[in-house]
Amino acid sequence: MTELMSIEDAERLSVDQVHDLYRRYVNKSQVALMTSFGFGRELADRAEGAYIHTRDGRRVLDFTGGVGVLNHGHNHPRILEVRRRFAEQQRMEVHKTYFSPYLAALSHNLAAVLPGDLDMSFLPNSGAEAVEGAVKLAYKYHNGRRNTILRSDIGFHGKLLGSGSLTGGSQNHFPFPGIPGVSTFTYGDLDSVRKAVEASRDGKGRSDVYALIVEPFSASTIRWCSEEFLRGLRELCTREDIVLIFDEIYTGWGKTGTMFYFMRHPGLVPDVVTTSKSFGGGKSSVSAFVARRPVFRKAYDNLHDAMLQSTSTTYYGFGEECATAIEAINIAVEEDFPARARALENVLGPGLERIAKEHSDLVADVRGAGALWGVFLNSPAALDLVARLAPGGLAKDPQFGTKVVTCAVINALYQDHDIYTYYTLNGKNPLIVGPPLVATPGEVEHFLECLDRTLASGITRLVTRFLREKVSSLW
């Protein structure tokens with residue numbers, strides 16, 4: 001048997017050794033892609049607040065927000081303390097025949113924060129699992145008598161077989177099997193939803209739709225639903241007895257300026273809401289779907305069906321994860337994360353709009369809310385030739401030019417200014433500005449200054465440098 005590695009061995013690995021182990025045991029192509037950026041050629045040593053400290057001594061301002069995970073920033077001291085206390089007191093993680101005080105308290109906190117009768121929680125591990133649990137709940141609510149589920153054309157709900165089949169846009173380039181009966185509507189278009197519902201009716205006029213899932217704010221495309229659309233969905237789903245699911249996995253816990261995006265519209269309550277990412281305080285892999293009491297009770301609240309939902313998942317209600325999420329919610333409430341997001345928006349919004357005007361040849365659009373914004377960059381015509389010369393599937397990607405430009409800006413921000421950003425793989429591939437909610441307005445001002453300077457250097461210089469230094473390794 002090959003000699004096993006210890007934690008100390010892992011911590012002593014060089015970046016080249018890490019790359020080699022990835023190539024041998026993880027994915028060789030992943031190494032090629034990740035080393036196309038500066039941050040793929042370095043190793044992080046530690047992280048705190050809005051900063052990552054690399055092994056070579058760099059202090060990097062992390063404006064990725066952990067792709068939604070780090071509203072609390074890296075290693076929030078209260079989160080670390082809760083986890084330390086849990087371990088030192090030797091609390092029990094999981095045992096399905098004991099009740100958990102942590103699960104009980106966490107479920108209470110979710111009900112306290114969410115509006116209306118969104119009271120009943122289930123606590124799996126990931127956002128994709130929360131989505132699939134919500135869909136199962138909706139299907140069981142109708143006792144299997146309906147077989148159609150509606151999803152939007154741009155939604156992102158995960159990459160498992162079930163959640164992946166509910167994901168629209170460019171994320172699905174390979175036809176994996178998925179949930180049967182998936183029907184698509186146009187995001188934000190109520191008439192499109194009505195047509196999909198009508199198309200599902202049987203000969204007696206009965207609807208076959210058991211659920212509709214939508215992101216009120218689409219974090220992967222930086223688009224959002226109007227209040228009119230969301231209230232129209234609520235009215236339609238109530239009338240047709242369709243379970244309305246709001247996916248707020250990314251946008252929950254204050255990111256867009258309200259605790260959940262849909263809560264900016266008083267009185268609007270879905271039948272189920274999903275959450276994950278920053279729900280775990282940046283340290284815990286935990287998610288939840290929270291259902292309205294009548295929907296939950298009809299689906300699962302009986303002795304025969306209770307085990308279909310409650311204790312059948314191995315890590316459901318894992319002790320330390322629940323304890324972490326309890327503290328994460330308390331921090332979000334006590335430190336008023338929605339207000340923090342709005343304060344960052346007051347700097348980000350005007351600043352990005354000014355940059356868009358000053359660099360109108362490069363910036364097609366900027367939009368967002370709270371601490372989640374997208375910068376949409378133009379692709380020069382000269383990149384069409386580069387795209388045609390690109391290898392394999394890259395040459396067939398209609399967004400290749402935009403991705404190269406955006407990656408060039410991301411690379412320059414990182415290499416020249418120690419700022420870490422990312423772009424989405426959905427929609428028009430915007431550069432995402434998503435600082436953690438512990439970031440300060442001053443740090444936002446610094447980011448804006450560095451973005452302005454980066455764009456001022458010119459697209460030709462940025463792209464030439466990126467292609468020469470990074471993308472050539474992919475050919």
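How are α6 and α10 oriented to each other? The views below, taken from a predicted model, begin with that pair.

**View 1. Helix α6 against helix α10.** Helix α6 spans residues 127-141, and helix α10 spans residues 293-300. Their axes come within 8 Å and cross at roughly 70°. Angles of 65 to 115 degrees count as roughly perpendicular, so α6 and α10 are roughly perpendicular to each other. From α6, the contact takes in K136, L137, K140 and Y141. Facing them in α10 are P294, V295, F296, K298, A299 and Y300. By class, the residues of this contact divide into seven nonpolar, no polar and three charged.

**View 2. Helix α15 against helix α17.** Here α15 (residues 400-417) packs on α17 (residues 459-469) at an angle of about 85°. The axes lie 9 Å apart. That angle makes α15 roughly perpendicular to α17. On the α15 side, the contact is made by V404, V405, C407, A408, V409, N411, A412, Q415 and D416. I459, L462, V463, R465, F466, L467 and E469 contribute from α17. The contact counts 11 nonpolar, two polar and three charged residues.

**View 3. The second largest cavity.** About 30 Å³ of space lies in this cavity. Its lining consists of L362, L377, N378, V405, V409, L455 and I459. V405 and V409 of α15 also take part in the contact with α17, as does I459 from the α17 side.

**View 4. The largest cavity.** The model has two cavities of 30 Å³ or more. The largest has a volume of about 40 Å³. L123, P124, N125, S285, V286, Y315, G317, F318, E321 and C322 line this cavity. Six of these lining residues are nonpolar, three are polar and one is charged.

**View 5. A four-stranded open sheet.** The strand order is β13-β14-β17-β16, and the pairing is antiparallel. Strands β13 (363-369) and β16 (422-423) are the edges, each pairing on one side only. Within the sheet, β14 (residues 372-377) runs antiparallel to β17 (residues 431-433). Three bridges join these two strands. L377, in β14, is among the residues that line the second largest cavity.

Definitions and conventions. Residues are numbered from 1 along each chain as its sequence is written. This is a predicted model: local features need pLDDT of at least 70, side-chain atom pairs count only at pLDDT 80 or more; totals for chains, interfaces and linings use all residues. Side-chain values use heavy atoms; hydrogens and water are left out. On a 1 Å grid over the protein atoms alone, a cavity is a set of points where a 1.4 Å probe fits but cannot get out, and a pocket is an open set with protein on both sides within 12 Å along at least five of seven lines; lining residues have an atom within 4 Å of a point. Grid points are joined across faces, edges and corners, and a volume is the space filled by probe spheres set on the points. Ala, Val, Leu, Ile, Met, Phe, Trp, Tyr, Cys and Pro count as nonpolar, Asp, Glu, Lys and Arg as charged, and the others, Gly among them, as polar. Two strands pair if DSSP finds at least two bridges between them. Axes are lines fitted to C-alpha atoms, for helices over the stretch in contact, and angles run from 0 to 180 degrees between N-to-C directions. Angles under 35 degrees count as roughly parallel, over 145 as roughly antiparallel, 65 to 115 as roughly perpendicular and the rest as oblique. Contact means heavy atoms within 4.5 Å.
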